[in-house]
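Please read it with the model open beside the text.

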Amino acid sequence: MQFRPTAWLVVLALCGTLAAPSTPASAAGDTIVFGSPVSLTGSLTKEGHLTQEGYEFWKTYINAHGGIKVGGKSYKVDIKYYDDESKNDTSAQLAERLIDQDHVNFILGPYGSGTSFTVAQMVERKKIPMVEGNGAAEKIFNQGFRYTFGVLSPAKRYLEGIIDMASQQKPAAKTVAITAASDAFSQEVAQGAAAAAAAHHMTVVYNNKYPDTATDVSSVISALKQTNPDLVLNAGHVQDALLVQKGLKEQNVQAKGYGYTVGPDTPDFANSLGKDANEVFGAAQWSDAVKYKGAPGFYQTAQQYAKAFEAAYHHRPDYHNAESTAACLAFQYAIEKAGSLDPEKVRDALAKLDVTTFYGIIKFDSRGLNVYKPMVTNQIQNGKLVTVWPKGLAEKPVIWPAKPWGQR
Amino acid sequence: MQLWAQDLVNGILAGGILAVVALGFSLVWGIMNIINLAHGAFVMLGAYLTWELFRQLHVDPFLSLPITFVALFVLGYLLQRYVINWVARAPILTTFLLTFGLSLLIVNIALIIWTGDTRGVTTSYSGANFTVAGVTVPWAKLLTLVAALAITGVLQLWLTRSKMGRAIRATSMDIGAAQLSGVRVAHIYAIVFGLGAGLAGVAGTLVSLSYALTPTMGDPFVVAAFVVCVLGGLGSVQGALVGGLVYGIVEAFATQLDVTIGTQHISGSGLQDAIALVVLLIVLLVRPTGIIGRATA
Amino acid sequence: MTPSSTHRALRGIGLGGITGSPIAFAFVLAVMAALLAVPFAHNDYLNIVFRNILMYAAMAYGWNLIGGYTGYVSFGNVTFFGLGAYCSGLLSQAHVDNLLADVALAVAVAGAFAIVVGFPLLRLRGHYFAIATLGVGLAVSDVVANLDALGGTSGLAVRQDNAHFWIYYYAMWAVALASILGTYAIARSKLGYAFVAIRENEDAAAVLGISPTRYKITAWAIGAAMAGAAGAVFGVANGFIDPSITFSPDSNVFPIVMTILGGIGTVGGPFIGALILAGVNELLQRYFVNAHTLFFGAMIVLVVLLLPRGLVWLFGMRGGVRAWLATLTAYKA
């Protein structure tokens, strides 16, 4: 048997399969197909899965409740996913595949600011609307894009709630230390935090960054400790949140309060740290304690949503789940209002959308960013995450100042 | 508190772990001429094994060190003997490619088993520390350093004094002569690779005390291992230790750089990697085979 | 070390001379010709798939020159790709929207950088050189990520010509073709023999009058130019660059993996490796959404074990199953 011809044939077959178009996803004429590149593997696996859960939960509900009504006709919903491996340019290419090969109607955003940005650029070129719930960097919305909409509050506002709360406690926080990972999202959060601190007449005594692949942040913490801050803030993701919190205890940094962006809201944080996670504040886009009354067409309160979600997925929904579902809701209401599946009409309907949901108000400014929804501040108390700020939404009072390490 | 003294201590403590991570990598590379890109995956497996033992059987991580060593040693031995051995004498890039593929396999299998959730090992003494002369030293990190030094010492003794150790060094120097003296090369290679994996597992255990566990957690450690190995000297046990300590100390002191020129913030901690690498390049240009140098007889 | 003995050495391991299997080379040219037709399918997505293959091919050829022919394994060639991409980014910031200018600047910058860094680095041998290049790549990536003027971690948007998007495909095609033909020309010239001589026995080569430093730097600089050009086109074609995309570990490792898989030190190998690796990766992603990386890893392991001499070997060998079986144990310890 000669190998040479076989080798040629294999390579040619490969090229052929590559070039072959796959069957369009919207084969049936009465299904609306959404496409979504999410991080099913790579460094953002967990967050990608949370995003997917949020989307799927909505899809199950909507299909069980008559689908989306477009001009009198009921459409079922389907969502096609690809794995972007947590990589920025892969995400955009996958979105392109979803549009060109799989012929999806609309795009649901990926997880993360980096990926959301590249996909936003791509959908702008393709003129297909995208709604995302997991990319908070304002950079995405400062480019003049018309086809991207974000239902979440911008990165700059993440730590505002914690700063606001800390400034109103007794004894009030006067000095702030900010550490941030080097990625775009974390840097924007840090900038916003510094600005908010200044607005609340607090002094920023330390403001530094570390590489987001850092394996050790002890020296950043040592330098921070020297400045003796009242409030320690960290802008990063789950992995570095854990690293920082452990480091703070190891070096005996005794501040009045500790606040993080993504970490505390994930069950992983409390599970991994046990008692050392107590009294830590987390910034959240949503919590199940919020008191919004949503429009009909979906669960109308956060509590109803949380209960149904937990029954389906066996864990309490965190804000990544909720904001992903909210992205779907934006499409749902916009499509119904537009009465059409035409991308331009849906885009215009999205731009004019103004609806309250279990997640909060969904309304976009001229750039496509939802600046109308406030952030929520949670605190881990006795291993449970409770909402403590703004006061109107508080389930429990704030624990402040933090007790010494080991006594929490 | 004197910041520079604290930085020095931080650097030494961090460097100790990096030394253990680099140790196995360096041995396999120096002795077998194999760049094991799956090394990070082995570290990850060691960490997860420790986590499971801690979570299910309440075994303290330090006590699980021998268990992770043996478990990963066996895995490494079998992997080398029955998979990698087929191309053990191929050009270094062939094995590079093979271990690249193996790494993808192992990480993705781990992803299926343990999902992408972030895990942590927090013991009762986690975070406990003592302060001496104004410098705060965390107990867990100190114990890790002690473990690292002990492991390095034992390994060095074993390689120089024991029969197996001598056979290994003979094989690395001249495979033909070693074979003629009755050394079973395939078996030796498997032992060395198993040793490398076992050390990676041990490193994973030590790392799990402070670093969060995910299937991809090994990646930054492999990069550090590359640099530390070469910094200290390939294949040299003392080299890995010295390289690790130097690397850790440099990165710790780098955070002292914190200036703003105009609107450009120059942050030493943000430029950690760049600074450490400049140090590496300087060392290599002055001493091309690393600080300690290539392991010889 | 005479050129003909190198020739014999290479033939001895199944490769047809310094250029590799001529049939493989012809195959590569044929596929390149076929790829000219891709934009006519009017499918933006297919454009990207094949444009990526061409991009990786160019980078693989760049690596092949220093790693394959000269035997100096570099883990830092992604630096040149990244520098090229940022050249496009910076020119775009300066309102220069000329693809030719982007590529020209990238070639100059990448080549110059390779020469400057090459002088100290290429004095190191083997493993030490490899890690030093890794270090350079990481350091440059770090510095870029920290410079606000280059966009920091947020990156830079690069203006594109949306009306004539097919230009970017052909530009990448041209870069790949230049890399292929350039490698072929080099391989058959005195440069090529000098590179291989250095790889086989650097000290002997020096004694015979081949100045290693000069040739090593030349190899690295030409390879850098290839990667830089690919980076420049990518920068504009992608419309956006940031350190994670342009200095990514993937962009670093894939060209190496592709070259090894395809066949190092040959003219056909890098392209075939790029085609197969990127192609299979694409298909796996399409049909195995959840497990594609797992299968990809498994595939690499199988290919290395079953074809230890690289894919291009399949094109050059004579004989059937028995010859193949013999290769399986050739490297066994």
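## Positive phi values in chain A

K127(A) counts as exposed because it has 12 C-beta neighbours inside 10 Å, where a residue is exposed if 12 or fewer other C-beta atoms, placed from the backbone, lie within 10 Å of its own, buried if there are 20 or more, and partly exposed in between. The phi of K127(A) is near 60°, a positive value in a residue other than glycine, and K127(A) lies in the loop between α4 (113-126) and β5 of chain A. Helices (H or I, at least four residues) and strands (E, at least two) are DSSP runs, numbered from the N terminus.

H201(A) also has a positive phi, near 60°, and is a residue other than glycine. Its place is in the loop between α6 (184-199) and β8 (203-210) of chain A, and H201(A) counts as exposed because it has 9 C-beta neighbours inside 10 Å.

## Basis of the model and numbering

This is a predicted model, in which local features need pLDDT of at least 70 and side-chain atom pairs count only at pLDDT 80 or more, while totals for chains, interfaces and linings use all residues. Residues are numbered from 1 along each chain as its sequence is written, and chains are lettered from A and ligands numbered from 1 in the order in which they are written.

## Cis peptide bonds

Most residues other than glycine have a negative phi, and most peptide bonds are trans. In chain A, the peptide bond from W389(A) to P390(A) is cis, with omega near 0°, and the bond from W400(A) to P401(A) is cis as well, with omega near -5°. P390(A) is placed in the segment after β15 (384-389) of chain A, and P401(A) is likewise in the segment after β15 of chain A.

## The six-stranded sheet

Chain A has an open sheet of six strands in the order β2-β3-β1-β4-β5-β6, with mixed pairing; two strands pair if DSSP finds at least two bridges between them. At the edges stand β2 (68-70) and β6 (148-150) of chain A, each of which pairs on one side only. Within the sheet, β4 (residues 106-108) and β5 (residues 130-132) of chain A pair in the parallel sense over two bridges, and I107(A) stands opposite M130(A) in β5(A).

## Domains of chain A

An automatic or database domain assignment supplies the domain bounds, and chain A is divided into domain 1 (31-153 + 289-363) and domain 2 (157-284 + 376-393). The C-alpha centres of these two domains of chain A lie 29 Å apart. In contact across the division are 13 residues of domain 1 and eleven residues of domain 2 of chain A, two residues being in contact if their C-beta atoms, placed from the backbone, lie within 7 Å.

## Contacts of chain C

Towards chain B, 34 residues of chain C are in contact with 40 residues of chain B. The largest share of this side of chain C, eleven residues, comes from α6(C). This side of chain C divides into 26 nonpolar, five polar and three charged residues, where Ala, Val, Leu, Ile, Met, Phe, Trp, Tyr, Cys and Pro count as nonpolar, Asp, Glu, Lys and Arg as charged, and the others, Gly among them, as polar.

Towards chain A, the contact takes 35 residues from chain C and 36 residues from chain A. Here α13(C) gives the most to the side of chain C that touches chain A, with seven residues, and the residues of that side divide into 18 nonpolar, 13 polar and four charged.
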